[in-house]
Amino acid sequence: MAWVLKMDEVIESGLVHDFDASLSGIGQELGAGAYSMSDVLALPIFKQEDSSLPLDGETKHPPFQYVMCAATSPAVKLHDETLTYLNQGQSYEIRMLDNRKMGDMPEISGKLVKSIIRVVFHDRRLQYTEHQQLEGWKWNRPGDRLLDLDIPMSVGIIDMRTNLSQLNAVEFLWDPAKRTSAFIQVHCISTEFTPRKHGGEKGVPFRIQVDTFKQNENGEYTDHLHSASCQIKVFKPKGADRKQKTDREKMEKRTAHEKEKYQPSYDTTILTECSPWPDAPTAYVNNSPSPAPAFTSPQQSTCSVPDSNSSSPNHQGDGVSQASGEQIQPSATIQETQQWLLKNRFSSYTRLFSNFSGADLLKLTKEDLVQICGAADGIRLYNSLKSRSVRPRLTIYVCREQPSNTALQGQQQAAGSGGEGGSGTPYVYHAIYLEEMIASEVARKLALVFNIPFHQINQVYRQGPTGIHILVSDQMVQNFQDESCFLFSTVKAENGDGIHIILK
C-alpha cells in the first residue's frame with residue numbers, strides 16, 4: 001500500500017514539472033520581439049484585395065450630368081429609386097453639366113449638342129397605352145401642353161422647339177462648354193391618369209428623361225450621346241410642398257433603427273443613366289447664318305423661339321431610318337444585338353435580352369415573343385426580326401443629269417430618245433421609295449441616294465412648260481404618278497449659299 005502511494009507522488013510531481021515547463025515559454029512567445037501587428041494585418045483576412053475593386057479605366061464615366069433643383073422624398077427605402085414631388089406649372093431648373101474628362105469626345109468640343117426633355121409614364125402598363133392616354137388628356141385640355149420650357153428663366157438655351165404632335169417633349173441646342181440651365185414646367189398632374197381621383201398620393205408616377213444627341217455627317221442631330229431620367233409625381237400647386245412636409249414628419253416619428261432603412265432627403269435630384277427613349281429624334285440641321293426656306297409638313301409643324309437662326313424639316317434623320325430597316329444577322333454579337341434593339345425602338349427589352357446574341361433572338365417563335373413582350377410589342381419584334389418591310393406609298397426613278405450634255409439631252413428627249421445620253425450610253429436611274437408623300441421626303445431621299453449634304457438643299461423645283469421652275473410642294477408630290485421617271489440637275493442658290501434641285 002505504501003508503495004502505491006509513493007508511485008502516486010512520483011507521477012504527480014512529474015506532471016506538475018511538465019506543466020510548469022509548458023507554461024514557461026508562453027511569455028517569451030508573446031513578447032514584443034516575436035509579435036508584430038503588421039504581420040497580422042498582412043494576412044488575407046485583413047487585406048483589402050485591390051483586384052476586387054474597379055480600376056479607374058474600367059469605371060463608366062458619363063459625358064453629361066443633369067441635376068434637377070428639387071428635393072427628393074425622405075420616404076423612399078434604401079436601394080429604391082429616388083422620388084421627387086413637383087408642383088403643377090411651377091418652373092424647376094435642370095442644370096445641364098459637362099461631365100467629360102480631358103480628351104473625352106473631342107468631336108463635340110466647340111460644337112452644339114441637342115437635348116430632348118420629356119415627361120413620360122413610369123408604369124409599363126401606361127407606357128403601352130401612352131398615345132391613347134395623351135390623346136385623352138389633349139381632348140380634355142385643348143391648347144395645353146404637358147411640358148413647357150420657361151424661356152425667360154432658362155440660360156444657354158439655343159433654338160428651343162416644340163412639336164405640335166408631341167405635347168410632352170421640348171428640344172433645344174446648347175453648348176457643353178457654357179453654363180446651361182433649362183427651366184421646365186409640367187402641366188399634367190399624377191391623378192389625371194388614374195381611373196378614380198384619389199388625390200396626389202394615389203396618382204401615377206411620371207419620369208423626366210433627357211436624351212442628348214450630336215450631329216451626324218449630314219449635320220442632323222441624330223447620333224445618341226447620353227440619356228438619364230428620374231421618377232417624379234406632380235401635384236396641384238402647393239401640393240408637392242405639403243406632401244414633402246408630410247413625409248418628413250412621418251420619418252421624424254420613426255425610430256432610429258427604422259430610419260436606417262430609408263434614404264435621406266437630398267436638396268437636388270440627380271438624373272440617373274438610362275436607355276434612350278425609343279422615339280427617333282427630329283432632324284435638326286445646322287444651317288448657315290443666312291437662313292434658307294425649309295420644307296415643313298402641315299402634320300408636323302414646329303414652334304420656334306422668335307430669334308432662331310435654324311430651320312429644318314421635322315422628320316426622322318437618315319441614320320435612324322436606315323438603322324431601323326437593317327435585319328439582324330445570326331452572327332450578331334450580344335453587343336450588336338443590344339444596339340439593334342435600341343435602333344428598332346425596343347429599348348425597354350434590352351435588359352431582358354441582355355445575354356441574347358443574334359442567333360438566340362432569331363430562334364424565338366412568334367408565340368415566344370408574344371409571351372415575353374406582350375401582344376403588341378411581341379408581334380412588332382417578330383415582324384422586325386423577319387424584316388417585314390412596309391410597302392412604300394410612292395416609287396419614282398431618278399437619274400442625275402450630266403451638265404455637259406444638257407443641250408443635247410433636250411433635243412434627244414424631244415425626239416423621243418430620252419433613255420440614252422449624248423454619248424449613246426444609257427442613263428442609270430435610281431429608285432426612290434417614299435414612305436411619306438411630302439416634299440421634304442423627296443429632298444431627303446435624293447440627298448441620301450446621291451450623297452448630297454441634306455442641309456445644303458434649299459428647294460426642290462420641277463421644270464414645267466417653257467422651262468419654268470415650279471416649287472415642289474406636298475400636294476404636287478401626292479399627285480406624282482407611281483413609277484414616274486425624272487432627270488435632275490443642281491444649281492447654286494441665288495445668294496450663293498446652298499443649292500436648288502430641278503426635276504425634269
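Predicted model: local features only at pLDDT ≥ 70, side-chain atom pairs only at ≥ 80, totals over all residues.

Reader: In what order do the six strands of the open sheet lie?

Author: As a general idea, strands of a sheet pair through backbone hydrogen bonds, either parallel or antiparallel. Here the order is E15-E14-E18-E19-E16-E17, with mixed pairing. Strand E15 (430-434) and strand E17 (469-471) are the edges, each pairing on one side only. From one strand to the next, the twist averages 40°.

Reader: Let's look at E19, then. Over how many bridges does strand E16 pair with strand E19, and in which sense?

Author: Strand E16 (residues 457-463) and strand E19 (residues 499-503) are parallel, with five bridges. Within this pair, Val-460 sits opposite Ile-501 of E19. Strand E18 (residues 484-492) runs antiparallel to E19, also through five bridges, and there Val-491 has His-500 as its bridge partner.

Reader: Which way do the side chains of E19 point?

Author: In a regular strand the side chains alternate between the two faces of the sheet. In E19, Ile-499, Ile-501 and Leu-503 point one way, while His-500 and Ile-502 point the other way. Five of the five residues of E19 are buried.

Reader: And which strands does helix H14 lie across?

Author: Helix H14 (residues 439-449) lies across strand E14 (394-400), E15, E16 and E19, and runs at about 145° to E15.

Note on methods
Residues numbered from 1 in each chain as written. Heavy atoms only, no water. Pairing = 2+ DSSP bridges. Helix = DSSP H or I, 4+ residues; strand = E, 2+ residues; numbered from the N terminus. Axes fitted to C-alpha atoms, helices over the stretch in contact; angles between N-to-C directions. Contact = heavy atoms within 4.5 Å. Buried < 20%, exposed > 50% of the residue type's maximum accessible area, 1.4 Å probe, protein only.
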